Amino acid sequence: MKNRKWMLLTLVLPAAVFLTVHAADAKTVLKVSTSTQPSHIYNLGVEYFKKIVEEKTKGEIEVQLFPAAQLGSERDAVEGLQLGSLEMTLTSTGPLGNFVPQVKLFNLPFLFKDRQTCYKVLDGKIGTDIADLFPKVGIRSLGWYENGFRNITNSKRPIEKPEDMAGLKIRVMEDDVFIMTMKALGASPLPMAFGELYTALEQKTVDAQENPLAVIYSSRFFEVQKYLAMTGHFYSPAVFLISEQVWKKLTPEQQKIVQDAATQARDYERKISMEADQKLEAELAKAGMQVTHPDKAPFVKAVAGVYQEAKIVKAIGGGNEADGKKLIEAVRAAAK
Ligand code: EAX
């Protein structure tokens, strides 16, 4: 009896402790940061990804989602990935052009006429070539997701034509393409992180903002904005990113599971984004917003000059204006 006790104390117990500790060690936790509310399509997409990854890796990988900018802004998230202090983020291309200038291509106004063209370009050579630049700055793309076609809301007046934008203080994402576009429409743009936007609208620091319906609805902007103009002036891609150093620590099997899950979740997220666009205009009208459907042609004409901005075209070409022009033409050709 005494021997058995001794055996237990000297052999089994340490072994059990060892296994428990190393089981915990073996588990990889992937924290994912987003800027939007839990009900937003981004987070539904990440939840979809989480389910597949945790099932396929039998719990070896745990995905933890932090929505609503709990871990900081989209720019903070990208910087966190570069440092390795954060593992993943699903972000708009808003701040991304500051890390990989070629991404500004996808920030150009009225670049895409419909979703099929977007996906063809993003999932095709152009989108893949640009995504392949990311590891150089310590991040890796797992796929182009969707934020959506952006529309303008404001608290001042209905918008039917570009002239109605005159003098509107409008919040934009932090990139010069958005700033120049709003200036071309006669508004006065204010770049600001998304997390500060609701308060800025509520306190009337700004009169207006622009986002896809899914963001406007899930962030309850209808509480602080009266007018919605369905301009669709930017198609806003999103991108699901992982820290390059985190990616390199995964086994080849884990990398395959993570990439496959990200691709499945991308298709799911795009589907629910399309569905959101179909149903949310009516929901926003029911919530009290006055909706207009301006003719887009005068807006397209008013912002055409942005495509000639040397600084932007050069950035899109990775510092070479001729390459920038070629890329823009290539997208336009694909969009035909
Ligand atoms: O990515 O900043 C924005 O307006 C974005 O659309 C939002 O953060 C979702």
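This is a predicted model: local features need pLDDT of at least 70, side-chain atom pairs count only at pLDDT 80 or more; totals for chains, interfaces and linings use all residues.

Started with the ligand: a polar side-chain atom of N211 lies 2.7 Å from one of the ligand's oxygen atoms. I call that a polar contact, meaning a pair of N or O atoms within 3.5 Å; within protein, one must be able to donate a hydrogen and the other to accept it, and residues adjacent in sequence count only if both atoms are side-chain atoms. Next I looked up cover: the protein takes away 98% of the 260 Å² of accessible area that the ligand has on its own (Shrake-Rupley method, 1.4 Å probe; for residues, only the protein chains shown count as cover).

Residues are numbered from 1 along each chain as its sequence is written, and side-chain values use heavy atoms, with hydrogens and water left out.

Back at the ligand, R171 also puts a polar side-chain atom 2.7 Å from a ligand oxygen atom, and for R150 that distance is 2.9 Å. Who else is around? The residues around the ligand include S35, T36, Y42, E74, S92 and F194 (a heavy atom within 4 Å). I sorted the shell into 3 nonpolar, 5 polar and 3 charged residues (Ala, Val, Leu, Ile, Met, Phe, Trp, Tyr, Cys and Pro are nonpolar; Asp, Glu, Lys and Arg charged; the others, Gly among them, polar).

The largest pocket has a volume of about 290 Å³. Of its 14 lining residues, F149, N151, M230, G232 and K296 are the closest to the centre. I ran this on a 1 Å grid over the protein atoms alone: a pocket is an open set with protein on both sides within 12 Å along at least five of seven lines, a cavity is a set of points where a 1.4 Å probe fits but cannot get out, and lining residues have an atom within 4 Å of a point. Grid points are joined across faces, edges and corners, and a volume is the space filled by probe spheres set on the points.

The pocket lining divides into 6 nonpolar, 3 polar and 5 charged residues.

How much space lies in the largest cavity? I get about 30 Å³. R150 turns up again in its lining, along with M173, F178 and F234, among others. That lining splits into 6 nonpolar, 3 polar and 1 charged.
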